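Colleague: I am new to this structure. Can you walk me through how to read a strand and a few charged pairs?

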Amino acid sequence: APSISAGGIVNALDYRGGVIAQGAFFTIFGSNLGPAAPGQGVTGFPFNTNLGGVTVTVTQGSITKQAYPHFVMASQINAIMPSDAPLGNVQITVAYNGVSSAPAAATVVNNAFGIMGVGSGPGIIQNYNSATDEPINATSKPAKPGQIEIIWGTGLGPISTPDNQPPPGGQLPLPVQVWVGGMQASVQYSGRAPGFPAVDNIYFTVPSGVPLGCYIPVQVNTGGAWSNTVRMAISSDGKACQDTFNPYS
């Protein structure tokens, strides 16, 4: 039978456990959860509640909702938590070819934003130069003060349109703060990435006077809840960044 690992239900983009936001991507780790590697992913819209024989059920008392699997494999499932999933403590069950797992506990909240990235290393943040020039921020392509940046993540909260269809853009009704190198940045947009279900964008402007370097910390606060911390590169002129100190010295 499928088996969900202890602590194996996490945000799909920062791998933090504990809470999953309505309308967000989440990951389930375990065994016998689906087909053998390399697994199976969605191939088109709308996403279905059954992918490769795998279903994910979210239950709270008499309320039952079906998540939308996006990728399934024996050891891992990536899925979208429905925007109308009940808030609070829930039970999540995985079934594969009609055989169900034991339920695993999780908590659904209105928002719990996670920035896409690898641990506390570089985040997936784009430098906005123009609509056709949006390179990923890197040590060789840093941002500069006053430049607009685009954060990619998940967990800004529910939407009113179907979670299994390409979402429209639009500001979500959630107070969002972006902190860069300890300084609060101006936020221009926070909502779904148009066309990408469960994926969110936050547009912000790099503050003037921000610290310069190759690994400046970035964190997001959504309604009082903090995201994970990632790093971005910032230089005074947009040319390759330089650190003013050697962390290994």
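**Reading a strand and its charged pairs**

Modeller: Start with strand β15, residues 176–180. Val176, Val178 and Val180 make up its covered face. Gln177 and Trp179 lie on the uncovered face. Keep in mind that this is a predicted model.

Colleague: Why do the side chains alternate between the two faces?

Modeller: That is how a regular strand is built: its side chains alternate between the two faces of the sheet. In β15, the valines take the covered side, with Gln177 and Trp179 on the other.

Colleague: How many bridges pair β15 with strand β18, residues 213–222?

Modeller: Five, and the two strands pair in the antiparallel sense. Look at valine 180: valine 218 of β18 stands opposite.

Colleague: How many bridges join β15 to strand β16, residues 183–192?

Modeller: Three, and these strands also run antiparallel. Valine 180 has a bridge partner here too, methionine 183 in β16.

Colleague: How many residues sit between β15 and β16 in their hairpin?

Modeller: Two. In that turn, glycine 181 has a positive phi of about 55 degrees.

Colleague: Now the charges. What can side chains of opposite charge do when their charged atoms come close?

Modeller: They can pair. Here the count is three salt bridges, with a cut-off of 4 Å between side-chain nitrogen and carboxyl oxygen.

Colleague: Which residue does aspartate 14 meet in a salt bridge?

Modeller: Arginine 16, at 3.0 Å from N to O. Aspartate 14 has 16% relative accessibility, so this residue counts as buried. Arginine 16 has 35%, so this one counts as partly exposed.

Colleague: Which residue forms a salt bridge with lysine 65?

Modeller: Aspartate 84, with the closest N and O atoms 3.2 Å apart. Lysine 65 lies in strand β6, residues 63–66, and aspartate 84 in the loop between β8 (76–80) and β9 (88–96). So the pair ties together parts that are 19 residues apart in sequence.

Colleague: Is lysine 65 buried or partly exposed?

Modeller: Partly exposed, because its relative accessibility is 25% and buried means under 20%. Aspartate 84 is partly exposed as well, with a relative accessible area of 48%.

Colleague: What is the N to O distance in the salt bridge of arginine 192 and aspartate 200?

Modeller: The distance is 2.7 Å.

Colleague: Are arginine 192 and aspartate 200 buried or exposed?

Modeller: Arginine 192 is buried, and aspartate 200 is buried too.

Note on methods: Residues are numbered from 1 along each chain as its sequence is written. This is a predicted model: local features need pLDDT of at least 70, side-chain atom pairs count only at pLDDT 80 or more; totals for chains, interfaces and linings use all residues. Side-chain values use heavy atoms; hydrogens and water are left out. Buried means under 20% relative accessible area, exposed over 50%, partly exposed in between (1.4 Å probe, protein chains only). Helices (H or I, at least four residues) and strands (E, at least two) are DSSP runs, numbered from the N terminus. Two strands pair if DSSP finds at least two bridges between them.
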